[in-house]
Structures are given as structure tokens and as C-alpha cells.
Amino acid sequence: MPAEYRGAYLLDVARAYLHTGDLRGAARALVDADSVAPAEVRWRPLARTLIADVARAQPAPAGVARLATLVGLTR
């Protein structure tokens, strides 16, 4: 399966985790998606929304905080 498809799948997994309230699972799926297909995570609007939602958790998971900085959601 192409990396873009795996990245898109992992974004869907992250969204499912977020809908069930599992922030750790969502964070893990986002970080995995970024390692598989960075362009999918850094440019898709869905990914930016998911990163923002997970990054709002206090404290934000380290991998997601890094992603939020990379996509320009934080400074």
C-alpha cells in the first residue's frame, strides 16, 4: 500500500480515537502517520484539525506538540 494511503488511514484512526476520547491513541496515530507520510500530515486540513484538537490537551503529548509546531499551529 502506498505511504499516502497508510498516512490517510492513520489519520482516520486518530480521528476515531479522538471521537472516543482516547487522546493518547490519537496522538500515537498522528505521530505514526507523520513518520509514514509526513506530507499527508503536514498539509491535509483534517490532520491540522486533529493535531490542534489533541494539542489542546494539557499537557500536550510531546510528539503532537512537535507536530503542532511543524505545521505552524504554535510557536
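Pro2 counts as partly exposed because its relative accessibility is 42%, where buried means under 20% relative accessible area, exposed over 50%, and partly exposed in between (1.4 Å probe, protein chains only). Pro2 sits in the segment before helix 1; helices here are DSSP runs (H or I, at least four residues), numbered from the N terminus. Although Pro2 and Val36 are 34 residues apart along the chain, their C-alpha atoms are separated by 9.7 Å. The model is a predicted one, in which local features need pLDDT of at least 70 and side-chain atom pairs count only at pLDDT 80 or more, while totals for chains, interfaces and linings use all residues. Residues are numbered from 1 along each chain as its sequence is written, and side-chain values use heavy atoms, with hydrogens and water left out.

Next comes helix 1. Gly7, Ala8, Leu10, Leu11 and Ala14 are the buried residues of helix 1. Looking down the axis, these buried residues fall within an arc of 160 degrees, so they line one face of helix 1; the arc is that of the directions from the helix axis to the C-beta atoms. An α-helix has 3.6 residues a turn, so residues three or four places apart point the same way. Over on the other side of helix 1, Tyr5, Tyr9 and His19 are exposed. The buried residues of helix 1 pack against helix 2, helix 3 (38-43) and helix 4 (45-55), contact meaning heavy atoms within 4.5 Å. After helix 1 comes Gly21, with a positive phi near 90 degrees.

How do helix 1 and helix 2 meet? Their axes come within 8 Å and cross at roughly 170 degrees; axes are lines fitted to C-alpha atoms, for helices over the stretch in contact, and angles run from 0 to 180 degrees between N-to-C directions. The two helices are therefore roughly antiparallel, the label for angles over 145 degrees. On the helix 1 side, the residues making the contact include Gly7, Leu10, Leu11 and Ala14, and on the helix 2 side they include Ala26, Ala29, Leu30 and Ala33. By class, this contact has 13 nonpolar, two polar and three charged residues. Here Ala, Val, Leu, Ile, Met, Phe, Trp, Tyr, Cys and Pro count as nonpolar, Asp, Glu, Lys and Arg as charged, and the others, Gly among them, as polar.

Helix 2 has 14 residues and reaches 20 Å from its first C-alpha to its last, close to the 20 Å expected. Its buried residues are Gly25, Ala26, Ala27, Ala29, Leu30, Ala33 and Asp34, and what covers them includes helix 1, helix 3, helix 4 and helix 5. Asp34, with 6% relative accessibility, counts as buried. Leaving out residues up to four places away in sequence, Asp34 touches Val41, Arg42, Arg66 and Leu67.

Further along, Pro59 lies in the loop between helix 4 and helix 5 (62-70), and the peptide bond from Gln58 to Pro59 is cis, with omega near -10 degrees. In helix 5, Val64, Leu67 and Ala68 are buried. They cover an arc of only 100 degrees around the axis, which puts them on the same side of helix 5. Helix 2, helix 3 and helix 4 are among what covers them. Just after helix 5, Gly72 takes a positive phi of about 85 degrees.

Key. Angles under 35 degrees count as roughly parallel, over 145 as roughly antiparallel, 65 to 115 as roughly perpendicular and the rest as oblique. The expected span of a helix is 1.5 Å times one less than its number of residues.
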